[in-house]
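Colleague: I would like to learn how to read the features of a model like this one. Please take me through them step by step.

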Amino acid sequence: MNLTSRQYLTTPIYYASGSPHLGHAYTTFVADCYKRYYQACGYEVLLTSGTDEHGQKIERTSAKNNESTESFIQKRSDEFSRLWIDLGIELDAFQRTSSPEHKSLVVEFWKRLQQKGDIYKGHYEGLYCVECEQYFTEGDQCPVHRKPLEHYSEESYFFRLSAYQQKLIDHIEKHPDFIVPSTRRNEVLSFLKSSGLHDLSISRTSTRWGIQVPDDSRHVIYVWIDALAAYLSALGPLDGKEIEEYWPNTTHFIGKDILIFHAVYWPALLWSAGLDLPRQLVVNGWLTVEGRKISKSDPETIIDPVSLTEITGCDGLKYYFLKAVKLGQDLDFRKDHLIELLNADLANNFGNLFSRFIKLFIKHFPDGIDLDTQILSTANQHILTAVSAKRAAFIRALEKYELSIAARIFIDTAALLNASFQQREPWKIANREELAEYLWTVHQCLETLTLLGYCFIPGIIENARGGLNLGNPPVFKEPLGDVNGSAAKKSGVKVRGIESLFPRL
Ligand SMILES: [Zn+2]
């Protein structure tokens with residue numbers, strides 16, 4: 001990756017028509033993982049989430065609940081913002097599309113499209129899915145929601161999307177990493193190449209619940225433009241310093257259901273407004289629960305993520321998703337699998353490793369170890385080399401968005417150290433120098449291990465590093481675990497007693 005010193009990461013601006021569920025949590029975990037990774041690499045990182053609070057569906061849902069639209073969206077928005085706190089996710093901005101600063105940015109954005117000559121007034125007649133807030137050209141039911149499409153006929157403003165077709169194809173072809181994984185990139189390219197792009201209807205007269213079109217109060221701005229612009233308004237005004245500094249280094253983490261909005265409409269709108277495109281779209285798959293699609297009509301699929309963290313902790317739940325899903329592919333969430341995976345990886349493997357190491361260390365070297373020798377034995381060098389290789393492979397996987405592979409490398413590294421314990425049986429080493437050198441070596445390796453685990457299980461890692469007498473949060477730039485050289489010259493190491501890092505579930 002060729003990056004400047006700043007990173008701007010976003011989750012979707014979640015649609016506030018219902019309460020958050022596991023699918024929302026999953027995408028946000030991915031974004032949080034990369035926030036921590038970039039921070040550990042020394043970048044200045046901003047992570048934004050928020051709620052999309054306009055549109056006909058919200059107006060209808062609140063009316064159905066006999067609630068004012070304002071109080072309905074306030075509750076939904078509070079649920080989302082509280083969820084991220086409860087899940088241990090540190091957002092830098094939570095943007096609500098009902099906020100005044102967002103509204104004024106959207107109006108400004110609209111005016112830019114107008115100045116460019118990309119907006120014209122016309123008439124739309126067609127089939128509409130209110131759930132998607134999208135027109136469809138064929139079929140009588142929505143392919144996503146399996147609900148009958150509604151016939152709409154209304155005056156509408158249009159955006160000249162068709163003018164950007166070739167530019168979009170060129171951009172995606174020239175930037176192979178613009179959309180990852182590549183299956184999604186190919187999907188967008190074939191969509192763009194297979195048919196002529198229609199101009200996009202970007203205003204509605206069928207709802208009042210939205211941001212008014214400048215100088216034409218009968219129309220409200222299409223909810224998708226409104227929502228996408230929240231990525232910008234979370235940074236500040238359009239001509240502000242933050243947008244200039246952060247926007248070109250933007251990564252949008254999204255689900256595949258909103259791919260076309262982000263990969264086709266959004267870039268064209270940005271170009272029209274005279275702005276750069278985000279650097280990358282990272283697209284994850286569907287989540288199903290025990291084999292079933294998450295749906296309000298199937299209450300068993302609506303699992304409150306916080307109720308799960310009461311069993312697993314925030315880190316446990318996050319680790320499960322990042323390890324169990326190959327990014328981009330669908331995941332079927334099964335509770336027995338969750339428990340099984342966490343017990344195997346975090347309790348038996350990672351947690352045990354730390355507790356046996358720290359017990360042994362404290363027993364023999366309560367005051368710490370100062371290594372006299374600069375030359376390690378070959379056996380100890382081998383362990384450092386092996387862990388160093390794991391660290392390099394881990395970074396490669398993470399940079400390619402292979403999160404499940406990165407998580408596996410992390411846990412394989414713990415397994416490798418457990419195996420070294422079994423083989424060397426340090427509790428039988430009678431020579432004090434030899435024992436000191438071995439425990440010193442393992443301490444170096446555990447330091448590297450905490451670095452690998454940090455983006456997945458930050459809370460647990462903080463405790464683990466406390467036990468190793470190391471500072472928090474970890475930093476990727478230090479030459480950790482390097483063979484001899486700099487690592488062997490490090491000063492003495494110490495440990496402190498800790499509680500179990502991850503109790504068996
Ligand atoms: Zn739909």
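Modeller: On a 1 Å grid over the protein atoms alone, a cavity is a set of points where a 1.4 Å probe fits but cannot get out. A pocket is an open set with protein on both sides within 12 Å along at least five of seven lines. Lining residues have an atom within 4 Å of a point. Grid points are joined across faces, edges and corners, and a volume is the space filled by probe spheres set on the points. By this rule there is one cavity of 30 Å³ or more.

This is a predicted model: local features need pLDDT of at least 70, side-chain atom pairs count only at pLDDT 80 or more, and totals for chains, interfaces and linings use all residues. Residues are numbered from 1 along each chain as its sequence is written, and side-chain values use heavy atoms, with hydrogens and water left out.

Colleague: How much space lies in the largest cavity, and which residues line it?

Modeller: About 50 Å³. The lining includes H54, E133, R204, W209 and D226.

Colleague: What about the second largest pocket: what is its volume, and which residues lie nearest its centre?

Modeller: Its volume is about 650 Å³. It is lined by 30 residues, and D177, F178, V180, Q280 and Y401 lie nearest the centre.

Colleague: Now the metal. Which atoms coordinate the zinc ion?

Modeller: Donors are N, O and S atoms within 2.8 Å of the metal (3.2 Å for Na, K and Ca); water is not among the atoms, so sites may look incomplete. Here the zinc ion is held by C129 (SG), C132 (SG), C142 (SG) and H145 (ND1), at 2.1 to 2.3 Å. The donor residues follow the spacing C-x2-C-x9-C-x2-H.

Colleague: What is the geometry of the zinc site?

Modeller: Four donors count as tetrahedral if all angles lie between 85 and 135 degrees. The angles here are 98 to 117°, so the zinc site is tetrahedral. The ideal angle for four tetrahedral donors is 109.5 degrees.

Colleague: Last one: what does Y164 touch?

Modeller: Contact means heavy atoms within 4.5 Å. Leaving out residues up to four places away in sequence, Y164 touches K116, D118, F159, A268, W271 and S272. Y164 is buried, with 6% relative accessible area. Y164 and A268 are 104 residues apart in sequence, yet 6.0 Å apart in space, C-alpha to C-alpha.

How values were computed
Tetrahedral: all angles 85-135°; square planar, octahedral: opposite > 155°, others 65-115°. Buried < 20%, exposed > 50% of the residue type's maximum accessible area, 1.4 Å probe, protein only.
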